[in-house]
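Reader: I am new to this structure and would like a close look at a single part. Please pick the end of the chain, and link it to the rest as you go.

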Amino acid sequence: HSLGFDGELESSILSLQNLVYFSERYNQLAKKMNNDPAIAFPQVGIKTTAMLASILYLQSGTSEILPANNICKSFVRLMDHPKAFEELYCVSLRLYNNAISSGDSEPLKTAERKIVELLVSNPGDLQTLIQNAE
């Protein structure tokens with residue numbers, strides 16, 4: 001349990017895949033976050049995956065049909081990109097890091113609020129969402 005993988009196997013595998021994707025895509029930032037004693041990088045990665053799954057209604061045991069709300073509609077549109085979830089995960093971790101850097105006491109809640117705002121803003125595509133996050 002030292003890495004924090006104590007949930008269902010599928011969510012643990014997805015969390016690990018997301019951490020690897022982020023680390024490959026943003027290598028320097030991943031190293032910085034991993035070496036920062038204020039950031040428990042693996043646990044933050046796992047919590048970020050769970051947060052996104054919750055926001056997007058992707059938890060196991062929920063309805064097979066996504067709710068027809070603005071967040072889900074935006075995400076479905078973003079799925080034109082083959083790595084939409086992974087890219088949204090990267091945006092979330094970058095927002096988390098920005099919140100930590102600014103001294104935020106609840107960086108995960110801040111990242112979640114900003115991700116929701118970005119999705120509700122109805123971006124036309126993933127690139128627009130990424131640009132709006134910066």
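Author: Start with a definition: helices are DSSP runs of H or I with at least four residues, and they are numbered from the N terminus. With that numbering, aspartate 125 sits in the loop between α6 and α7. The model is a predicted one.

First, the setting. The protein chain holds 7 helices and 0 strands. Along the sequence the pattern reads α-α-α-α-α-α-α. Of the 134 residues in the chain, 42% are buried. Take the contacts between residues at least 6 apart in sequence: 66% of them join residues at least 24 apart.

Now back to the loop. Aspartate 125 has 36% relative accessibility, so it counts as partly exposed. A side-chain oxygen of aspartate 125 comes to within 3.4 Å of the backbone nitrogen of glutamine 127, at the start of α7. Aspartate 125 can also be placed against alanine 84. The two are 41 residues apart in sequence, yet their C-alpha atoms are 9.7 Å apart in space.

Next comes α7 itself, residues 126-133. Its buried residues are Leu126, Leu129, Ile130 and Ala133. Around the axis of α7 these buried residues fall within an arc of 100°, so they line one face of the helix. Here is the general rule behind such a face. An α-helix has 3.6 residues a turn, so residues three or four places apart point the same way.

Ile130 is among the residues touched by arginine 94. Arginine 94 belongs to helix α5, residues 84-101. Its relative accessible area is 16%, and buried means under 20%, so arginine 94 is buried. Besides Ile130, arginine 94 touches Phe22, Tyr26, Leu29 and Glu134, leaving out residues up to four places away in sequence.

Helix α6 covers residues 107-120. Threonine 110 lies in α6. Threonine 110 is buried, with a relative accessible area of 11%. Setting aside neighbours within four places in sequence, threonine 110 is in contact with Ala99 and Asp104.

Helix α6 also meets helix α3, residues 41-55. Two packed helices are described by the angle between their axes and the distance between the axes. The axes of α3 and α6 come within 11 Å and cross at roughly 35°. The crossing is right-handed. From α3, the residues in contact are Lys47, Thr48, Met51, Leu52 and Ile55. From α6, they are Leu108, Ala111, Glu112, Ile115, Val116 and Leu119. By class, this contact of α3 with α6 has 8 nonpolar, 1 polar and 2 charged residues.

Notes:
Residues numbered from 1 in each chain as written. Predicted model: local features only at pLDDT ≥ 70, side-chain atom pairs only at ≥ 80, totals over all residues. Heavy atoms only, no water. Axes fitted to C-alpha atoms, helices over the stretch in contact; angles between N-to-C directions. Helix = DSSP H or I, 4+ residues; strand = E, 2+ residues; numbered from the N terminus. Left-handed = near helix turned anticlockwise from the far one by under 90°. Contact = heavy atoms within 4.5 Å. Nonpolar A, V, L, I, M, F, W, Y, C, P; charged D, E, K, R; others polar. Buried < 20%, exposed > 50% of the residue type's maximum accessible area, 1.4 Å probe, protein only. Arc of directions from axis to C-beta. Polar contact = N/O pair within 3.5 Å; in protein donor to acceptor, adjacent residues only side chain to side chain.
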